[in-house]
Protein chains: 2
Amino acid sequence: MREVAVIGIGQTPVDEHWDKSIRELAAEAVILALQDAQREDVDALYVGNMLSGLISQQENLGTLVADWAGLRYTEAVKIEAACSSGAAAVRQAVIAVASGYIDSAVAVGVEKMTEAKGNEITAALATAADADYEAAHGVSFVALNALIMQRYMYEYGWQHADFAAFSINAHQNAITNSYARLRERITEQDYAKAKMIAYPINLLDASPTGDGAAAVVVVPKETLRKNGKPIIKIAASAAATDSIAIHDRNDPLWLKAAEISSKKAYAQAQVKPADISFFELHDAFSIMSALSLEACGFAERGQGPRLALEGKIALNGKLPITTMGGLKARGHPVGATGVYQIVEAVLQLRGDAGENQVADAKIGMTQNIGGSGSNIITHILVKE
Amino acid sequence: MREVAVIGIGQTPVDEHWDKSIRELAAEAVILALQDAQREDVDALYVGNMLSGLISQQENLGTLVADWAGLRYTEAVKIEAACSSGAAAVRQAVIAVASGYIDSAVAVGVEKMTEAKGNEITAALATAADADYEAAHGVSFVALNALIMQRYMYEYGWQHADFAAFSINAHQNAITNSYARLRERITEQDYAKAKMIAYPINLLDASPTGDGAAAVVVVPKETLRKNGKPIIKIAASAAATDSIAIHDRNDPLWLKAAEISSKKAYAQAQVKPADISFFELHDAFSIMSALSLEACGFAERGQGPRLALEGKIALNGKLPITTMGGLKARGHPVGATGVYQIVEAVLQLRGDAGENQVADAKIGMTQNIGGSGSNIITHILVKE
């Protein structure tokens, strides 16, 4: 198995891109990543996307993006794993390069959400849940997460205000990320009085959707030479599922798929949680930050919020998270998010994160969650 | 790169399965394949599917199928490449096992089409074309293929009746395949008087949709021991794209992606067209059979129909095609078709094809086409 490195990254701002179609967004990120890699082509393209069929009436998206990005004839597919489609596409690219079947690949995550009408997006996002046994009862995706958060607060005795620190940290970090959608500071008061969406999740617990695309170029590490610049190796790539429906889980407050995929990732990279310099986790809702930190071994069960309350998740903390704003403030164009996380990790490891730079960033971890914790993919990137 | 072998296959009949949801269809094929492989689990699941979001309001399909098939916690994603989603899923499984990241995988193709209402399927299938520059003009997927067929007849001087032999052969082979949807003989007269759909494509030029699922289990070949049974090696797996829109091609009568992927496959397997024992091609429309034969080196440009007219495509011919009925008569549950083709190839190579057995079948080729020739995946399987 060949070791794999990232040699190019590209991203568009997360925003309402009324002037750009899904093919244009994706191609922009692909071309930026190829330019960054100083390449004109690759052997394969993997497009992470969840909603193109439902929102843009466009499947065969791999082909479309290859065609539009100047990669006509290059093999291409779309990879779908709900909100973890982005990391799933990166994982396929890593595996393909590791296998020797191909020598280079681009993984691009793209989502075009803001052109949807009315509650189309709410219905479309509910396709990540169990259509027959969850969505059929009218429960939205936010409501499913709200049920988890409510139970978590009941079981472990937390107040709603205890989750504010996750959102405040994310917004703080987004201010200096020009690709972020919500570049504004928020306070505990803002958080407390934000509009309720589905109790106890309010507007400042939830990440905003958006249009966006991010891309990475990967090649065998053995083809790279030390030229003064750091080599960013993908030291681990691991994935796991859980039951798609929350009611089928023995413990709905434990992200089993995060535990499995992170343990596999630690083993592959031969590191332990304490070695991680920063963690780009999947804060689609503030409760998910807590659950992810616990399942990955950064906090005791039921104690995730403590890390945030104690300031350990800040850029200068023990375990910086959502260093460029996270889903909460950079934005969550669902199928693109997992690739944004990896692009941001590469920026940190290259030392190119500007005002958001984590000091001495050597080992970065990313975690992308699909569904309500049902499909979770963990990557560990290491600077060499 | 590890060599990869198929050790298990499973399929459901292609039919109107009113009593089975998409998860049940997929799980049935997965479980049959695992039983055939004498295994209870695998390391990864790849689900080939095009339409679950649009027709069943279900994305996150990889997770759903893993969960329902008894593979909870196993990593899983959906792979989408329009009508070549099935072969794309197999290709990802092959690459993943070849890489060493995982040691076993199931690829399942599944499609649930017959529960769609009115012309939902026509609209959903059009998402394989260019949404902005083809489908937006109201052209259906059949109409796109009709334009190709009409031009082909004009350029090379063929009559509509010259394509009958493709459909007659497919129907003949389906009679003895209990998984086929249309198990009835057709004649030249039936073909000539069939209802017109989009001139010159009539009902007997076109493959029927349907509900169905097929699955294969793949492992490293090195883990298998000779035990009297043949080992079925995946000797080649290759993919390529073309422009998604037909009007963007220099030559709309040449399947460039078939040429590229078949040439790569021949090189990987170290064989030439004359070595192929049988060819499961993608006869979604009779014109596609002709174009596929030409682009893969079995016929001169413009001469594809000649092979059929001369009887060379029959089970006892020089190059048997669609040996179990093909898309035309086995049926075309779009995202599942590519896996059906590989299941059928394995049956042939094992010598388990019953009345449809091709004598001395040693090297089988399959080709799955997504869009109007825009995403083409070729596999070569060899009996050792």
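Q: Through which surface do the copies meet in this predicted model?
A: The model is a predicted one, and its two chains can be compared by asking which interface residues they share. Of the interface residues of chain B, 100% are also interface residues in chain A. The copies therefore meet through the same surface.

Q: What kind of axis relates the two copies?
A: Chain B is superposed on chain A by a rotation of 180°, with 0.0 Å of shift along the axis and an RMSD of 0.0 Å. The two copies are thus related as by a two-fold rotation axis.

Q: Which residue of chain B has the C-alpha nearest the axis?
A: The rotation that superposes chain B on chain A is one of 180°, and the distance of a C-alpha from its axis can be given for chain B. The nearest such atom lies 1.8 Å from the axis, and the residue that carries it is B:Ser99.

Q: How many residues does the contact take from chain B?
A: The elements that each supply at least two residues to the side of chain B that touches chain A include α2 (52-56), α3 (61-68) and α4 (85-99), together with the strands β3 (75-80) and β8 (232-241). By class, the residues on this side divide into 24 nonpolar, 19 polar and 10 charged. Chain A gives 53 residues to the contact, and the number taken from chain B is 53.

Q: Which residue of β3(B) stands opposite A:Ile79?
A: Strand β3 of chain A, residues 75-80, is joined to β3(B) by 3 bridges, and the two strands run antiparallel. Within β3(B), the residue that stands opposite A:Ile79 is B:Ile79.

Q: How many residues of helix α3 of chain A are buried?
A: Helix α3 of chain A covers residues 61-68 and is described as mostly covered. Among its buried residues are A:Leu61, A:Val65, A:Asp67 and A:Trp68, and the helix is followed by A:Gly70, whose phi is positive, near 85°. Of the 8 residues in the helix, the number buried is 8.

Q: Why is strand β8 of chain A said to be largely enclosed by the rest of the structure?
A: A residue counts as buried if 20 or more other C-beta atoms lie within 10 Å of its own. Strand β8 of chain A spans residues 232-241, and it is largely enclosed because the number of its 10 residues that are buried is 9.

Q: Which strand is joined to β8(A) by 9 bridges?
A: On the one hand, β8(A) pairs with β1(A) in the antiparallel sense over 3 bridges, and there A:Val6 stands opposite A:Ile232. On the other hand, β8(A) is joined by 9 bridges to another antiparallel strand of chain A, residues 375-383, where A:Ile376 stands opposite A:Ala240. The strand joined by 9 bridges is β11 of chain A.

Q: Which residue of β11(B) stands opposite B:Ile232?
A: In chain B, 9 of the 10 residues of β8(B) are buried. This strand is joined to β1 of chain B, residues 4-11, by 3 bridges, with B:Val6 opposite B:Ile232, and it pairs with β11 of chain B, residues 375-383, in the antiparallel sense over 9 bridges. Within β11(B), the residue opposite B:Ile232 is B:Lys383.

Q: Which element gives the most to the side of domain 1 of chain A that touches domain 2 of chain A?
A: Chain A is assigned domain 1 (4-118 + 210-223) and domain 2 (120-208 + 235-383), whose centres, taken over C-alpha atoms, are separated by 22 Å. The contact takes 40 residues from domain 1 and 36 residues from domain 2, and the elements that give two or more residues to the domain 1 side include β1 (4-11), β4 (105-111) and β7 (212-220). With 8 residues, the element that gives the most to this side is α4(A).

Q: What is the radius of gyration of chain A?
A: Chain A has 13 helices and 11 strands, and its C-alpha trace spans about 55 × 45 × 40 Å along its principal axes. Buried residues make up 65% of its 384 residues. The globule rule gives 21 Å for 384 residues, and chain A comes close to this, so it is as compact as a globular protein of that length, with a radius of gyration of 19 Å.

Notes: Residues are numbered from 1 along each chain as its sequence is written. Chains are lettered from A and ligands numbered from 1 in the order in which they are written. This is a predicted model: local features need pLDDT of at least 70, side-chain atom pairs count only at pLDDT 80 or more; totals for chains, interfaces and linings use all residues. Copies are superposed by least squares on the C-alpha atoms of residues with pLDDT of at least 70 in both. Two residues are in contact if their C-beta atoms, placed from the backbone, lie within 7 Å. Domain bounds come from an automatic or database domain assignment. Helices (H or I, at least four residues) and strands (E, at least two) are DSSP runs, numbered from the N terminus. The radius of gyration is taken over C-alpha atoms; the globule rule is 2.2 Å times the number of residues to the power 0.38. A residue is buried if 20 or more other C-beta atoms lie within 10 Å of its own, exposed if 12 or fewer, and partly exposed in between; C-beta atoms are placed from the backbone. Ala, Val, Leu, Ile, Met, Phe, Trp, Tyr, Cys and Pro count as nonpolar, Asp, Glu, Lys and Arg as charged, and the others, Gly among them, as polar. Two strands pair if DSSP finds at least two bridges between them.
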